[in-house]
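I opened this entry to keep track of what I looked up.

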Amino acid sequence: MQQATLVDLSLGGVAMLTEEPLPSGGLLAHLNFKLGVPDDPDPPEIRAATEIVRCVKQRGVGRATEYLIGAKFLDLDQQNFETLQRFVDRQLAREESAEEPAPRMKLQRPIAIQYQRFDDFVDEV
């Protein structure tokens, strides 16, 4: 499994930063991440297959090149969808209570994420 950082989240998909480019149209067989807030001892975990819809090269000050990956969910089961919906609703409620709510949901802090390319998964089977 590869490591990435989840930076944006919706019911339709994710945006994440990776150290390697992932081509648009490619599939990720596994995308695993835990949704939590500080002091949550047992955050729920989301597992889903996704399709890569965007890959944009990013360069940060003092950092190596990263890639901003946009991926849409392909197979969220009912339990994962409901867990994700509760998390998104909580985050949006926090933003609405702020003085200047953001037009879209950004995570208050990045979430560590793991992924596996579909091709790598097939090679293992």
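Which residues have the most contacts inside the largest nonpolar core? I found L9, V14, M16, L31, F33 and F73, in a core of 22 residues. A nonpolar core here is a set of buried Ala, Val, Leu, Ile, Met, Phe, Trp, Tyr and Cys residues joined through side-chain atoms within 4.5 Å. Buried means under 20% relative accessible area, exposed over 50%, and partly exposed in between (1.4 Å probe, protein chains only).

I noted the basis of the values next. This is a predicted model, in which local features need pLDDT of at least 70 and side-chain atom pairs count only at pLDDT 80 or more, while totals for chains, interfaces and linings use all residues. Residues are numbered from 1 along each chain as its sequence is written, and side-chain values use heavy atoms, with hydrogens and water left out.

Then I looked up the elements. The protein chain has 2 helices and 6 strands, and their order from the N terminus is β-β-β-β-β-α-β-α. Helices (H or I, at least four residues) and strands (E, at least two) are DSSP runs, numbered from the N terminus.

I went back to the core, with its 22 residues. At least two of its residues come from each of β1 (2-9), β2 (13-18), β3 (27-34), β4 (45-59), β5 (65-73), α1 (78-97) and β6 (106-117). β5 gives the most, with 4 residues.

Is β2 mostly covered or mostly open? I found it mostly covered, as 6 of its 6 residues are buried. G13, A15 and L17 lie on one side and V14, M16 and T18 on the other, and both faces are covered. In a regular strand the side chains alternate between the two faces of the sheet.

I checked the partners of β2. β1 and β2 run antiparallel and are joined by 4 bridges, with a hairpin of 3 residues between them. L6 stands opposite M16 in β2. β2 also pairs with β5 in the antiparallel sense, over 6 bridges, and Y67 in β5 is the bridge partner of T18. Two strands pair if DSSP finds at least two bridges between them.

I then listed contacts of M16 (contact means heavy atoms within 4.5 Å). Leaving aside neighbours within four places in sequence, M16 touches, among others, A4, L6, L22, L31, Y67, I69 and I113.

Last, I took chain totals. Of the 125 residues, 36% count as buried. Among contacts with a separation of 6 or more, 62% are between residues 24 or more positions apart.
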